[in-house]
Amino acid sequence: MSAWESNVRKVIPYVPGEQPKENNIIKLNTNENPYPPSPKVLEKAVELEKLRLYPDDKAELLVDTIADYHGLNNNQVFVGVGSDDVLAMAFMTFFNSDRSILFPDITYSFYDVWAELFGISYERPALDDNFRIKAEDYYKENGGVVIANPNAPTGIAEPISFIEDILEHNKDVVVIVDEAYVDFGGESALPLIDKYENLLVVRTFSKSRSMAGLRIGYAMGSEKLIKYMKDVKFSYNSYTMNMPSIILGTESIKDEEYFRETVGKVVETRDWFKEEIKKIGFSCPDSSTNFLFITHKDIPASEIFNKAREKKIFVRYFKKPRIDNYLRVTIGTREDMETFLEFLKTL
Ligand SMILES: *Cc1c(COP(=O)(O)O)cnc(C)c1O
């Protein structure tokens, strides 16, 4: 190793699901929405000439629209380049104690990557045998708590009372609740932000709003929490929110009817698909998300994964302890899921 290399920050990066280049594939591997964004988003062409200008560094149009939508003050909202950016900023801002932060052993696999990147020590209490989070594991002293609710890749949601219990036992640290999938059936912790100034609720436009390609995420919390995050963000890069994101994100929020319609279709397809695969030997936890975490009683998940891939159907397989016999299947259109079901039946 060269001398300079000993001073390099060395990290093992997060590996996102594959984004295949070919056409004609059924893509059920990265929890994208199968429907296009609201037609209002598509209509609102950004005047390209304007792109010569810097965007509004405070992204006020988008922040105000999100705040109104949730009935909040605009200084309770922080926006970022996807919720990954928002979560990374939150880790950097809030997790600076000597104690370990806590998140489940099976959860979004970016949390440990950020912890490593920022030099934050962490512990991962194990989910129980039914993949449920054990609240008691979060009662001990810690440097912060991160809970994805609904959790990924299990799809399981806990009620708001569960989150409040964790907050009651964690008044001295920041508790982050990652609600990437909440629109598909979870119960939001948002009503608790006035009561707990240490609660940060994080959302994304990538799943329920069909806008993964634009990269918009946001956090909501007390004015104090949001101010601390903004201070860190503006010490790093002022212009993270680009002009199309600000304008088109705002249009998406304004079209509530379309949002409800497409989320409703995904939920309906999910519940239908779940019943169908149960008839052929699969099982899965009840999902409050746009994916199912499925396992088969006889056929190994790795085998299904490989054979599906040969048929140009992509799902997600995690080669990790405890979940290596499961597949995470994103809910596509009804047609996509019918094709996948037919394929599963041939196996
Ligand atoms: C998809 C996802 C994210 C990241 O979403 P982006 O807004 O696209 O960065 C964060 N947390 C969880 C649990 C997710 O599934």
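Helices and strands here are DSSP runs, numbered from the N terminus; a helix has at least four residues and a strand at least two. With that numbering, Pro150 is placed in the loop between strand 5 and helix 5 (160-168). The model is predicted.

**The ligand and its shell**

- The residues around the ligand are Gly82, Ser83, Asp84, Leu87, Tyr108, Asp178, Ala180, Tyr181, Thr204, Ser206, Lys207 and Arg215.
- Sorted by class, this shell holds four nonpolar, four polar and four charged residues.
- Helix 3 (residues 82-94) supplies four residues, the largest share of the shell.
- The ligand takes up the space of the largest pocket.

- Ser206 uses its side chain, where an N or O atom lies 2.6 Å from an oxygen atom of the ligand.
- Asp178 has a polar side-chain atom 2.6 Å from a nitrogen atom of the ligand.
- These pairs count as polar contacts because the cut-off for two N or O atoms is 3.5 Å.
- On its own the ligand has 390 Å² of accessible area, and the protein covers 92% of it.

- Seven strands make up an open sheet with mixed pairing, and their order is 2-8-7-6-5-3-4.
- At the edges are strand 2 (77-80) and strand 4 (122-123), each of which pairs on one side only.
- Strand 5 (residues 144-148) and strand 6 (residues 175-178) run parallel and are joined by four bridges.
- Across this pair, Ala148 stands opposite Asp178 of strand 6.

- Two bridges connect strand 9 to strand 10 (residues 291-296), in the antiparallel sense.
- Ser283 stands opposite Thr295, a residue of strand 10.

**Backbone details**

- Asn149 is joined to Pro150 by a cis peptide bond, with omega near 0°.
- The bond between Ala152 and Pro153 is also a cis peptide bond, and its omega is about 0°.
- Pro153, like Pro150, is placed in the loop between strand 5 and helix 5.
- Asn24 is a residue other than glycine with a positive phi, near 60°.
- The position of Asn24 is in the segment before strand 1 (26-27).

Definitions and conventions:
Residues numbered from 1 in each chain as written. Predicted model: local features only at pLDDT ≥ 70, side-chain atom pairs only at ≥ 80, totals over all residues. Heavy atoms only, no water. Near = heavy atom within 4 Å. Polar contact = N/O pair within 3.5 Å; in protein donor to acceptor, adjacent residues only side chain to side chain. Areas by Shrake-Rupley, 256 points an atom, 1.4 Å probe, with all protein chains shown as cover. 1 Å grid on protein atoms, 1.4 Å probe; cavity = no way out; pocket = protein on both sides within 12 Å on 5 of 7 lines; lining within 4 Å. Sits in = over half its atoms within 2 Å of the grid points. Nonpolar A, V, L, I, M, F, W, Y, C, P; charged D, E, K, R; others polar. Pairing = 2+ DSSP bridges.
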